[in-house]
Amino acid sequence: RILNAAIVEGGTKYLLTTRLGAVVVDANSKMVLKEFFDDGEQVVETRLIANGTRLLGFPDPTDSSGLKIWDFANEDQIAELLPERAITGAQYFSETNMLAVWSHPHLAFSTPANLSVWDLDQNVKISDFDDVGAMHEAVYLSGTDKLLTWGGPEISVWDIRNGSKLATMMH
């Protein structure tokens, strides 16, 4: 069963995600050109990032595996990001090649989330943000080291480098 699909490389190929991983299929011949799988761990979503050079593979939130990063051209797994809890959301910031990953305890989205920011050039965690609140989304504030998060009635601004909260607004 296909979970999601994307048209890639100028419309000549399709990226198809299944529970077992992802495949790239030629749009004309329907032949499988590339495969991105990892030892039977379940994948729920894939996203191309970094101008189509990297592929993110999101694990099933009930699985204990991390978020996988593959080199899209040669199919090699570059890294596995291992947050402390199951991933419930992520946002890629192309300007800085960073990835914000968040998780909620027991997959309860109304509970405070934990958030971490990863440098994908180095494949290392830059910072952790504890008790972010009931988080739904994160946005990088262009040209700064700041991150905006929101969920429920709360909007917060964070310093990416040290994980400190700079401001909170209620709406």
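1. Strands S7 (residues 67-71) and S8 run antiparallel and are joined by four bridges. Strands here are DSSP runs of E, at least two residues long, and helices are runs of H or I of at least four, both numbered from the N terminus. Two strands count as paired if DSSP finds at least two bridges between them. Ile 69 has Ala 79 in S8 as its bridge partner.

2. A word on the basis. The model is predicted, with local features needing pLDDT of at least 70 and side-chain atom pairs counted only at pLDDT 80 or more, while totals for chains, interfaces and linings use all residues. Residues are numbered from 1 along each chain as its sequence is written, and side-chain values use heavy atoms, with hydrogens and water left out.

3. S7 and S8 belong to an open sheet of four strands, ordered S5-S6-S7-S8 with antiparallel pairing. S5 and S8 (77-81) are the edge strands, each pairing on one side only. From one strand to the next, the twist averages 20°. Axes for such angles are lines fitted to C-alpha atoms (for helices, over the stretch in contact), and angles run from 0 to 180 degrees between N-to-C directions.

4. Now the whole chain. It has 16 strands and zero helices. Of its 171 residues, 43% are buried. Buried means under 20% relative accessible area, exposed means over 50%, and partly exposed lies in between (1.4 Å probe, protein chains only). The accessible surface is about 8600 Å², and carbon and sulfur atoms hold 51% of it. These areas come from the Shrake-Rupley method with a 1.4 Å probe; for residues, only the protein chains shown count as cover. Among contacts with a separation of 6 or more, 28% are between residues 24 or more positions apart. Contact means heavy atoms within 4.5 Å.

5. Leu 48 sits in strand S5 (residues 43-49). Its relative accessibility is 30%, so Leu 48 counts as partly exposed. Residues up to four places away in sequence aside, Leu 48 touches Val 8, Leu 15, Arg 54, Leu 55 and Phe 72. Leu 15 is 33 residues from Leu 48 along the chain, and their C-alpha atoms are separated by 9.0 Å.

6. S9 (residues 89-93) is mostly covered, with four of its five residues buried. S9 pairs with S10 (residues 98-103) in the antiparallel sense over five bridges. Gln 91 stands opposite Ala 100 in S10. The two strands form a hairpin with four residues between them, and Asn 97 in the turn has a positive phi of about 55°.

7. Thr 149 lies in strand S14 (residues 146-151). Is Thr 149 buried or exposed? Thr 149 is buried, because its relative accessible area is 2%. Its side chain makes a polar contact of 2.9 Å with that of Trp 158. Such a contact is a pair of N or O atoms within 3.5 Å; within protein, one must be able to donate a hydrogen and the other to accept it, and residues adjacent in sequence count only if both atoms are side-chain atoms. Beyond four places in sequence, the contacts of Thr 149 include Leu 115, Val 132 and Met 135.

8. The whole structure holds four aromatic pairs. Phe 129 and Trp 158 form an edge-to-face pair, 5.4 Å centre to centre with 90° between the planes. The pair links distant parts of the chain, 29 residues apart: Phe 129 is in S12 (residues 124-129) and Trp 158 in S15 (residues 154-159). Both Phe 129 and Trp 158 are buried. Rings of Phe, Tyr and Trp (its six-membered ring) pair if their centres lie within 6.5 Å; planes under 30 degrees apart count as stacked, over 60 as edge-to-face and the rest as tilted. Ring pairs also link Phe 36, Trp 70 and Phe 72 into a cluster.
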